[in-house]
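The sequence and structure are shown first, and the description follows.

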Amino acid sequence: MTSVLKDHKFSIVFDWFDQGKDGRLTQDDFQATARMFAQVAREDDHATVTALHDAFDAWWGLVLEHGDTDGDGGVSREEFITVMQVNVTAPEHFDGAVMAIADAVINALDTDDDGVLSLDEYVRLFEALGIPREFAREAFAKLDRDGDGTVSHTEFRQAISDFYLSADPDAPGNYLLGPVSP
């Protein structure tokens, strides 16, 4: 079952991915989004950059295969929301399409290799994605579920799951990249 909130979140993701701002997603959009996320990786961290690109390519392949219902090589907002509801968030696809990106992103952000994200490391994601910094502190606090002042890999993965899978308006993951309200 879908919800207005989940549809709204998928629409936000569509806008993030629509790098060409033409109202349709293409492979170029996904590649540009991968490059944007790769900006947070250390310059010498080729494995993480490759993992990000591979994960976005896999997500694009899934979106194109199941979402391009009119066969035009692109995906409209409506097609994207449907493929997110039916295919991308399905258990058999979610890890490969979404969580692979989450894992690569946390590796890219964890610049001191301590296995957790500090607030400063987390803010770098906001900066790279062009999200206002003022949302970072609140988002970080929501994601830091155990209150230890860091976001662990587990907490980050839970936030990603909340964002994509939860219809609960109070789910901490809804704040992943700033507040979400339908």
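In this predicted model, the side chains of R42 and D45 meet in a salt bridge, with N and O 3.5 Å apart. The two partners fall into separate accessibility classes: R42 counts as partly exposed at 26% relative accessibility, whereas D45, at 11%, counts as buried.

D113 has a relative accessibility of 55% and counts as exposed. Through shared partners, the salt bridges join R42, D45 and D113 into one network.

A further salt bridge pairs R77 with D15, and here the closest N and O atoms are 2.6 Å apart. R77 lies in helix α4 (residues 77-88) and D15 in helix α1 (residues 4-17), so the contact ties together parts that are 62 residues apart in sequence. R77 is partly exposed, with a relative accessible area of 25%. D15 is likewise described as partly exposed, with a value of 34%.

A search of the whole structure finds seven salt bridges, including those in the following table.

| Salt bridge | N to O distance |
|---|---|
| R77 and D15 | 2.6 Å |
| R42 and D45 | 3.5 Å |

In an unreviewed entry, UniProt lists residues 68-90 and 131-166 under "domain: EF-hand". How much of residues 68-90 is helix, and how much is strand? That span is 52% helix and 9% strand, and its end C-alpha atoms lie 17 Å apart. Over residues 131-166, the chain is 58% helix and 6% strand, with the end C-alpha atoms 22 Å apart.

In summary, one network of salt bridges joins R42, D45 and D113, and the salt bridge between R77 and D15 ties helix α4 to helix α1.

Conventions:
Residues are numbered from 1 along each chain as its sequence is written. This is a predicted model: local features need pLDDT of at least 70, side-chain atom pairs count only at pLDDT 80 or more; totals for chains, interfaces and linings use all residues. Side-chain values use heavy atoms; hydrogens and water are left out. A salt bridge is a side-chain nitrogen of Lys or Arg within 4 Å of a carboxyl oxygen of Asp or Glu. Helices (H or I, at least four residues) and strands (E, at least two) are DSSP runs, numbered from the N terminus. Buried means under 20% relative accessible area, exposed over 50%, partly exposed in between (1.4 Å probe, protein chains only). UniProt positions are given in the numbering used here, feature names are shortened, and annotations may be inferred rather than shown by experiment.
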